[in-house]
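The following exercises are to be worked through with the sequence and the structure at hand. Each task is followed by a solution that goes step by step.

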Amino acid sequence: MQNSSAILVLLGLFFVMTSCDSNQMFDTYKSVPGSWNKEQVVEFNFTPPDTTNAYNLFINVRNDDAYKYSNLFLIVGMEFPHGKTITDTLEYKMAKPNGEFLGEGFNSIKENKLWYKEGFILNESGTYTVSIQQAMRESGKVNGVTNLEGITDVGFRIEKPSTH
């Protein structure tokens, strides 16, 4: 009797966790071992489900307590299947003014879901490549941060826009 109750609870939790994310079309992470070198490009390849609907695109970042900045600069490129490339330099807020990290998480790892493109139509059929590179600089210094500490994983996510 107890086993069947536990199984029902686990199935219920599984259903709730998977049904909350029904807008997800693509969601994957890559680990950044040790530190994120400014020359290291994290790449994601994907084929869109269709070429007519608009999607929301996100950069996902996990950081730990070793991250010592309040923001994060990224260079994000998207290569289309037929050769066109778009590149954006993006800045994201990572901490409150008091130093408390933003993002979700109960322990020292925080997960941030950062907007990349809203209502974007992936209008070419084939494989797209998204490349993400850190572009951090310390105040008053010309050269970028060579090895960025505290970023543990970088991800890319595609969602159907919410209909709520």
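**Exercise 1: A residue in strand S6**

At 60% relative accessibility, Thr89 counts as exposed, because exposed means over 50%. The model in which this value was computed is a predicted one.

Task: State which strand holds Thr89, and determine which residues Thr89 is in contact with, leaving aside its neighbours within four places in sequence.

Solution. 
- Step 1. Thr89 belongs to strand S6.
- Step 2. With neighbours within four places in sequence left aside, the contacts of Thr89 are Leu74 and Ile75.
- Step 3. Ile75 is 14 residues from Thr89 along the chain, and the C-alpha atoms of the two are separated by 4.5 Å.

**Exercise 2: The sheet that contains S6**

Task: Give the strand order of the open sheet that includes S3 and S6, and explain why one side of each of these two strands is left without a neighbour in the sheet.

Solution. 
- Step 1. The order of the 4 strands is S3-S8-S5-S6, and their pairing is antiparallel.
- Step 2. Strand S3 (42-46) and strand S6 (85-93) each have a single partner strand, so these strands stand at the edges and one side of each lacks a neighbour in the sheet.
- Step 3. From one strand to the next, the twist averages 20°.
- Step 4. Strand S5 (residues 71-79) runs antiparallel to strand S8 (residues 128-134), and 6 bridges join them. Ile75 has Gln133 in S8 as its bridge partner, while Glu79 stands opposite Thr129 in S8.
- Step 5. S5 also pairs with S6, in the antiparallel sense, over 9 bridges. For Val76, the bridge partner in S6 is Asp88.
- Step 6. The hairpin of S5 and S6 has 5 residues between the strands, and Gly83 in this hairpin takes a positive phi near 105°.

**Exercise 3: A second open sheet**

Solution. 
- Step 1. Between S1 and strand S10 (residues 151-159), the antiparallel pairing extends over 7 bridges. Asp27 has Arg157 in S10 as its bridge partner.

**Exercise 4: Two asparagines compared**

Task: Classify Asn60 as buried or exposed, and then decide how Asn37 counts at 24% relative accessibility.

Solution. 
- Step 1. Asn60 is placed in strand S4 (residues 54-63). Its relative accessibility is 3%, and Asn60 counts as buried because buried means under 20%.
- Step 2. The side chains of Asn60 and Asp27 are joined by a polar contact of 3.4 Å.
- Step 3. Leaving aside neighbours within four places in sequence, Asn60 is in contact with residues including Asp27, Tyr29, Lys113 and Arg157.
- Step 4. Asn37 lies in strand S2 (residues 35-37). At 24% relative accessibility Asn37 counts as partly exposed, because this class lies between the 20% and 50% limits.
- Step 5. A polar atom of the Asn37 side chain lies 2.7 Å from the backbone nitrogen of Glu39.
- Step 6. Gln134, Thr146 and Asn147 are in contact with Asn37, its neighbours within four places in sequence being left aside. The C-alpha atom of Asn37 is separated by 9.6 Å from that of Ala135, 98 residues apart along the chain.

**Exercise 5: The largest pocket**

Task: Report the volume of the largest pocket, and determine which strand gives the most to its lining.

Solution. 
- Step 1. The volume of the largest pocket is about 190 Å³.
- Step 2. Its lining consists of 10 residues, and those nearest its centre are Asp27, Tyr29, Glu111, Lys113 and Arg157.
- Step 3. Strand S1 (24-31), S4 and strand S7 (110-121) are the elements that give two or more residues to this lining.
- Step 4. S7 gives the most, with 3 residues.

How values were computed
Residues are numbered from 1 along each chain as its sequence is written. This is a predicted model: local features need pLDDT of at least 70, side-chain atom pairs count only at pLDDT 80 or more; totals for chains, interfaces and linings use all residues. Side-chain values use heavy atoms; hydrogens and water are left out. Two strands pair if DSSP finds at least two bridges between them. Axes are lines fitted to C-alpha atoms, for helices over the stretch in contact, and angles run from 0 to 180 degrees between N-to-C directions. Buried means under 20% relative accessible area, exposed over 50%, partly exposed in between (1.4 Å probe, protein chains only). Contact means heavy atoms within 4.5 Å. A polar contact is a pair of N or O atoms within 3.5 Å; within protein, one must be able to donate a hydrogen and the other to accept it, and residues adjacent in sequence count only if both atoms are side-chain atoms. On a 1 Å grid over the protein atoms alone, a cavity is a set of points where a 1.4 Å probe fits but cannot get out, and a pocket is an open set with protein on both sides within 12 Å along at least five of seven lines; lining residues have an atom within 4 Å of a point. Grid points are joined across faces, edges and corners, and a volume is the space filled by probe spheres set on the points.
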